[in-house]
Amino acid sequence: MNTPNPTPTPKPGSRQWRGVIREYADRLDVTDATPIVTLGEGGTPLLPAPALSRRTGADVWVKFEGMNPTGSFKDRGMTMAVTKAVEHGAKVVICASTGNTSASAAAYATHAGIGAAVLLPEGKVAMGKLSQTIAHDAKLIQVQGTFDDCLDIARDLAANYPVHLVNSVNNDRIEGQKTAAFEVVEVLGDAPDLHVVPVGNAGNYTAYTRGYREDIAAGNATRMPRMFGFQAAGSAPIVRGEPVRDPDTIASAIRIGNPASWELALQARDETDGYFGAIEDAAILEAQRILSAEVGIFVEPASAISVAGLLERAAAGAVPRGARVVLTVTGHGLKDPQWALRTADGSDVEPTVVPVDTAQVAAALGLAS
Ligand code: F0G
């Protein structure tokens, strides 16, 4: 028999993370009647990164958001946005995306039994994200324009057709995403001194600031971290102070020329004594390699900009010795794995090939004397 919502009978003492809405129900706009749509998002690891601490003189921790169900932090906001969409009776959600939002929207809509329509900039979305969006059965449209064009159209459609917008201009997304700050405070016992995030639309930058602000008001944290946000140099409208018409970076997730939460982000920067900086693609790829080869965490290029940004700020003398720093790395490396297969000079990594012979394998591994 097909039971839509089976009630499990857990072993006494066992504990499964219940997703951010149930874990933080008292801090989100939900009631007992809210039809919660969750894939178990949140509760992601906050990991010490000794290699980065050594490199910077700070006490560096990494919030690994690639461990969410669809491999990015978007799931925190999407559980909330799709839950509220269902609560409002929506039958179809819509979003513009550089790939991660669409993967997440598609998965959560499918789980809720409603439709997802997604608008993606043609040819600009990483393969893993495209595969996820298709696998979760979204109605996928590639638009011959930028992400910013896609968002304009998605907003138009939501204003004029029966589709519910789940981009981060929807406050439910920010609400869900603020829970990441709650988790950081729970694990560290207080807010860090400095928190670094990648910036595209600046929704996540805004969400962390809100989460920390609420934690201070609730007495869980004693201080507001300085919020540092980084954009790719070829796609850095906030740093430049004007929209970028044709943004360009290998960090496709944050290839955004006109951020939706621009104003809110500037307010959050001023509130937190924060900072926005721009990072070149080569430094992003170098940081991705450092994080994967020295810390053991594989992230997509857009996420590695947190690491690159911290290294740049530390080199500039802007990170006090011993400061407690949290880097949010937003998406899993498997989403966009091709960059790890290239060397710093752009040539392909060539794995060593040997015949079926132990001695030759030993020699190739440098084990032979
Ligand atoms: N990191 C990753 C991996 C992302 O996918 C995004 C945004 C960001 C950082 C930036 O977050 O927009 O809140 O400043 N991706 C969106 C998408 C645009 O469509 O998946 P933000």
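Biologist: Hi! How far is the sulfur of Cys95 from the closest cysteine sulfur, and which residue holds that one?
Modeller: Hi! In this predicted model, the closest cysteine sulfur to that of Cys95 is in Cys150, 9.7 Å away, which is too far for a bond.

Biologist: Is Cys95 buried or exposed?
Modeller: Cys95 is buried, because its relative accessible area is 0%. Cys150 counts as buried too, also at 0%.

Biologist: Switching to the sheet: in what order do the strands come?
Modeller: The order is β5-β4-β3-β6, with four strands in an open sheet and parallel pairing. At the edges sit β5 (139-143) and β6 (164-165), each pairing on one side only.

Biologist: How many bridges link β4 and β5?
Modeller: Five, in the parallel sense, with β4 covering residues 115-121. For instance, Ala117 has Lys139 in β5 as its bridge partner.

Biologist: And which helix packs on the sheet?
Modeller: That's α4, residues 100-112, which touches β3 (92-96) and β4. The directions of α4 and β4 make an angle of about 170 degrees.

Biologist: What about α3, how many of its residues are buried?
Modeller: Twelve of its 14, so α3 is mostly covered. Among the buried ones are Met78, Met80 and Val82.

Biologist: What span should α3 have, and what do its ends show?
Modeller: At 1.5 Å a residue, α3 (residues 74-87) should span 20 Å, and its end C-alpha atoms are 20 Å apart, so the two agree. Just after α3, Gly89 takes a positive phi of about 85 degrees.

Definitions and conventions. Residues numbered from 1 in each chain as written. Predicted model: local features only at pLDDT ≥ 70, side-chain atom pairs only at ≥ 80, totals over all residues. Heavy atoms only, no water. Pairing = 2+ DSSP bridges. Helix = DSSP H or I, 4+ residues; strand = E, 2+ residues; numbered from the N terminus. Contact = heavy atoms within 4.5 Å. Axes fitted to C-alpha atoms, helices over the stretch in contact; angles between N-to-C directions. Expected span 1.5 Å × (residues − 1). Buried < 20%, exposed > 50% of the residue type's maximum accessible area, 1.4 Å probe, protein only. Disulfide = S-S within 2.5 Å.
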